[in-house]
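Good morning. Please have a look at the structure on the screen, and then I will talk through it.

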Amino acid sequence: MNQPGDFLDEITSVRRSVRKYRAEVPPRGAIEAMIECAAKAPSPSNSQPVRFVRIVSPPLLEALHGEMLRARRELLQRVEAEGGSKKTRNLVNACFRCSEFMFRAPVLIAAGTVPVHAGFSSRLAEAKILRADRRGETDLDITLGLALKGFLLKGRALGLGTCILTAPLLFLSDVRKTLGLEDIRIRCFVTVGIPDDTPPFIERKSAAELYREI
């Protein structure tokens with residue numbers, strides 16, 4: 001039987017973002033098992049809005065990469081036009097470098113949510129009890145976060161490394177159109193593969209720093 005500390009060790013390990021992978025592509029069954037675990041995440045009124053889309057088409061990957069390259073050039077031109085500092089230019093380039101590795105990963109997935117109107121807030125808004133659905137987007141983001149946690153933990157159990165990326169969205173003005181995913185609100189990308197390095201441990205805040213009683 002696992003000791004209480006074992007799960008904490010798994011949580012600590014899975015949080016390490018892996019950006020270097022071996023060339024081998026993880027088996028399809030491993031990715032599907034990770035999706036199955038993600039699918040168990042709770043959602044408002046069991047609406048299950050989370051979607052994972054694996055990008056395998058070379059033309060789509062090329063289009064995505066090309067859009068990011070164009071956006072970086074435009075950002076650097078804007079920095080220049082505004083008299084921005086070298087530090088600002090370096091920030092743009094660093095953000096791009098932290099994103100571009102995803103095209104070298106064995107598996108690249110776009111993760112997001114589809115619109116749902118099953119929550120209590122949506123129903124009250126439709127009934128004119130509330131002026132607007134104030135919880136809808138928050139509920140979807142929380143649901144996606146929970147699904148991603150299951151996805152990462154299963155990947156760790158299978159010996160795979162992962163990395164969640166939101167930085168690419170800074171360079172993609174209309175990622176849904178580029179990928180032909182008009183029905184999905186893309187919130188991040190996830191890379192998956194067999195780790196080719198062991199990222200250093202990142203110190204996390206203690207429970208005492210995060211928790212209080214009032």
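Is Thr143 buried or exposed? Its relative accessible area is 4%, and the cut-off for buried is under 20%, so Thr143 counts as buried. Please keep in mind that this is a predicted model, and the 4% is computed from that model.

Where does Thr143 sit? It belongs to helix α6, which covers residues 136–157. Which residues does Thr143 touch, leaving aside those up to four places away in sequence? They are Ala41, Pro42, Ser43, Pro44, Pro49 and Val50.

Val50 brings us to the sheet, since β1 spans residues 50–54. The sheet is open and has four strands, in the order β1-β2-β4-β3, with antiparallel pairing. From one strand to the next, the twist averages 25°.

The partner of β1 is β2, residues 107–113, and the two pair in the antiparallel sense over five bridges. Within that pairing, Arg51 stands opposite Gly112 of β2.

Now a helix on the sheet. Helix α2, residues 28–38, lies across β1, β2, β3 and β4. Relative to β1, helix α2 runs at about 165°.

Next, the cores. In soluble globular proteins, nonpolar side chains tend to be buried together. Here the largest nonpolar core has 25 residues. Which of them touch the most other members? Those are Ile55, Leu64, Met102, Val175, Leu179 and Phe189. At least two residues of this core come from each of α3, α4, β2, β3, α7 and β4. Helix α3 supplies the largest share, four residues. There is also a second, separate core of 18 residues, with Ala30, Ile31, Ile109 and Val190 among them.

Last, the whole protein. It has eight helices and four strands, and along the sequence they follow the pattern α-α-β-α-α-β-α-α-β-α-β-α. Of the 214 residues, 34% are buried. Take the contacts between residues at least 6 apart in sequence: 83% of these join residues at least 24 apart. The protein exposes about 13,700 Å², and carbon and sulfur atoms supply 54% of that area.

That is the end of my part. Thank you.

Note on methods. Residues are numbered from 1 along each chain as its sequence is written. This is a predicted model: local features need pLDDT of at least 70, side-chain atom pairs count only at pLDDT 80 or more; totals for chains, interfaces and linings use all residues. Side-chain values use heavy atoms; hydrogens and water are left out. Two strands pair if DSSP finds at least two bridges between them. Axes are lines fitted to C-alpha atoms, for helices over the stretch in contact, and angles run from 0 to 180 degrees between N-to-C directions. Contact means heavy atoms within 4.5 Å. Buried means under 20% relative accessible area, exposed over 50%, partly exposed in between (1.4 Å probe, protein chains only). A nonpolar core is a set of buried Ala, Val, Leu, Ile, Met, Phe, Trp, Tyr and Cys residues joined through side-chain atoms within 4.5 Å. Accessible areas come from the Shrake-Rupley method with a 1.4 Å probe; for residues, only the protein chains shown count as cover.
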